[in-house]
Structure formats: structure tokens, C-alpha cells
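Have a look at the sequence and the model first, and then we'll go through them together.

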Amino acid sequence: MKKSWWKILGLVMVAASIVVGFLGPVPALFLLHETIRNVYFHVPMWSAMFALYLISVIYSIRYLNGSRVNDDLMAVEAVNTGIVFCIIGLLTGMQWANITWGDFWPNDPKTNGSAIATLMYLAYLVLRNALEEEQKRAKISAVYNIFAFPIMIVLMYIMPKMTDSLHPGSGGNGTFGDLDMDNQMRPVFYTATIGWILIGVWICTLRYRVRLLENKRNFVD
Amino acid sequence: MKKITTFLVFLIISNYTFAQNQIEMATGLRSSGKIYVVVLVLLTIFVVLGIFLFMLDRRIKKLEK
């Protein structure tokens, strides 16, 4: 029980962000209106995804250093969980875009970039299933993962900032800080982000533990 | 586990009373466009999901032993 304090913290943080996110003050903005509150729910999905992909790449590097099977399993489960958050992020983004930008898929560089990044990580899972031999699979997918991570960052966080994008902080658009002049939203946003990252990591560890049990059973058989 | 459950129950109750205290008693959930109802619904969904995750956690812990 002592070890699970961070799980409770994650739940409490997200719960707090739900309450304050709906009832707290937000700036009144053109077109966005109340949908600005989506910042508390849509954006943390991507933060959680990013944190999980980061964990995955760290464990891939650890696997290449030590060749421990468990590191490889952690890397897979982090990607598995990260993809779920990514899909939720894409869906919520589409709903929000339809109302504010007038299209489910407004050909925004950030949207397209995240779609390509998703396909890249799906390819990682397909690649793993294609390889039969365990050690070879672990090694090749670890190398792939290490290459995929920086490309994901470039596609989702660097390229959109260099061109015109509908997302904040790109091209001629103001950043999130410009929209939220009074810093009313920042504390809630950070609480939600950290909370969702903690919950994401929690789900990832659950999947990892199940994977370990499966692995052990296969070994005994 | 018991501790967490009681904690979560208190969390729900405290949020409920929080929503009520802002406006007059007993009319809280019917006031100002009824947004509090939506907040309560979302919070309920989320808390139940949290409890579900904890139960899953405990089941895996049992399997590990």
C-alpha cells in the first residue's frame, strides 16, 4: 500500500482537474468559447503518450545494454499503453477541431504529424509480431524504437512549429501562454498533465506485470 | 484497499458538498445551467474507473504470489 501513493496521487490530480476544469475561470476567447477547457483533457493525453514513449525508449536502451528480457517487455507495454492515449488524443482532437476549425481533419501539420507518428509506432508492434526468434525480435525492435522516438518528436513537436499550423505556438499563432494571459489555466493544466501521466504509467505497469506472468507461464510450459 | 475506498468515498462526498456550498443548499445541482451535474457525472465515471484499476492491480498482485 505504501508503494501505491503515486497511483492515488494521479487519480486525485485528475479528479481535481475535472472539477476545477469545468467550474474554474477561463479566458473568453474568439471561436473557442468554453471549448478552451478541452486543454485540460485533450492535451494531457498527448503528454501521457509522450511520457510512455519516453519510458519505452529508455527501456529499449537498457535492453541493448544488458539484454534482459524484462526490459524488452517493459518497452513493448509502454508503447502499447502509449498508443491507447494517442488514439484518445486523436479522437478528442478531431471532435474539438470539427467545432472550432470546421473540419474533423483540417490538414494541420501537427495533426498529420501525429498520425504518421502513430503509424510508426503501430509498425513497431507489427514488426515485433513478424519476428519469431525472441532475442532477435527484442534487439531489432529496440533499435527501431530508438530511431522512432526522435522522428516522433520531429513530426509532432518540431515540424509543426516551423510551418503554419492551427495549433497554438505554430507559425503566426500565439502560444498557449498568450491565450492564457492571467495564468488562470496553467495550474489546472499542469495538475491534469501530471495526473494523466501517473495514470498512464500505472496502466503500463499493470500490463507489464501481466506480461511477466504470461512470460513465466510460457517458460514453465 | 479499505483505506483507499474510504478515501475515495470521502473525495466524492467532499466534492459533492463543495458543489453545493457555492450556491444555496439543496438547489446546488439545479443552479446555473446545471453544469454541476455534468461535473458530478464525469467525476463518478472517473472515480469508478480508478477503483476498477485498483481492483485490477490487486488481482495481479494475487497472481504474482
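Is N107(A) buried or exposed? N107(A) counts as exposed because it has 9 C-beta neighbours inside 10 Å. The cut-offs go like this: a residue is buried if 20 or more other C-beta atoms lie within 10 Å of its own, exposed if 12 or fewer, and partly exposed in between, with C-beta atoms placed from the backbone.

Before going on, some housekeeping: this is a predicted model, where local features need pLDDT of at least 70, side-chain atom pairs count only at pLDDT 80 or more, and totals for chains, interfaces and linings use all residues. Residues are numbered from 1 along each chain as its sequence is written, while chains are lettered from A and ligands numbered from 1 in the order in which they are written.

Back to N107(A), which sits in the loop between α3 and α4 of chain A. (Helices are DSSP runs of H or I with at least four residues, strands are runs of E with at least two, and both are numbered from the N terminus.) N107(A) isn't a glycine, yet its phi is positive, at about 50°. Most residues other than glycine have a negative phi. S67(A) is another non-glycine with a positive phi, of about 55°, and you'll find S67(A) in the loop between α2 and α3 of chain A. S67(A) is partly exposed, because 13 other C-beta atoms lie within 10 Å.

Now follow chain A into helix α4, residues 109-130. This helix has 22 residues and spans 31 Å from first C-alpha to last, close to the 32 Å expected at 1.5 Å a residue; the expected span is 1.5 Å times one less than the number of residues. Among the buried residues of α4(A) are P109(A), G113(A), A117(A), Y121(A) and Y124(A). What covers the buried residues of α4(A) includes α3 (69-100) and α5 (134-162) of chain A.

That brings us to α5(A), with 29 residues and a reach of 41 Å, close to the expected 42 Å. Look for a kink of about 35° centred on V154(A); the bend at a residue is the angle between axes fitted to the seven residues ending there and the seven starting there. The buried residues of α5(A) include A138(A), N145(A), F149(A), M152(A) and P160(A). Their cover includes α2 (42-66), α3 and α4 of chain A.

In the model, residues 73-94 of chain A are 100% helix, with end C-alpha atoms 32 Å apart. Residues 143-160 of chain A are also 100% helix, and there the ends are 26 Å apart.

Chain B has two helices and zero strands, and 9% of its 65 residues count as buried. For chain B, UniProt lists residues 35-56 as "transmembrane region", again in an unreviewed entry. That span is 100% helix, and its end C-alpha atoms lie 32 Å apart.

How do the two chains meet? The contact takes 13 residues from chain A and 17 residues from chain B, where two residues are in contact if their C-beta atoms, placed from the backbone, lie within 7 Å. On the chain A side, α1 (5-23) and α7 (186-220) each supply at least two residues, and α1(A) gives the most, with eight. By class, the chain A side has 12 nonpolar, no polar and one charged residues. Here Ala, Val, Leu, Ile, Met, Phe, Trp, Tyr, Cys and Pro count as nonpolar, Asp, Glu, Lys and Arg as charged, and the others, Gly among them, as polar.

Leaving aside neighbours within four places in sequence, R209(A) is in contact with I60(B) and E64(B). R209(A) counts as partly exposed because it has 18 C-beta neighbours inside 10 Å. R209(A) and M74(A) are 135 residues apart in sequence but 9.0 Å apart in space, C-alpha to C-alpha.

Definitions and conventions:
UniProt positions are given in the numbering used here, feature names are shortened, and annotations may be inferred rather than shown by experiment.
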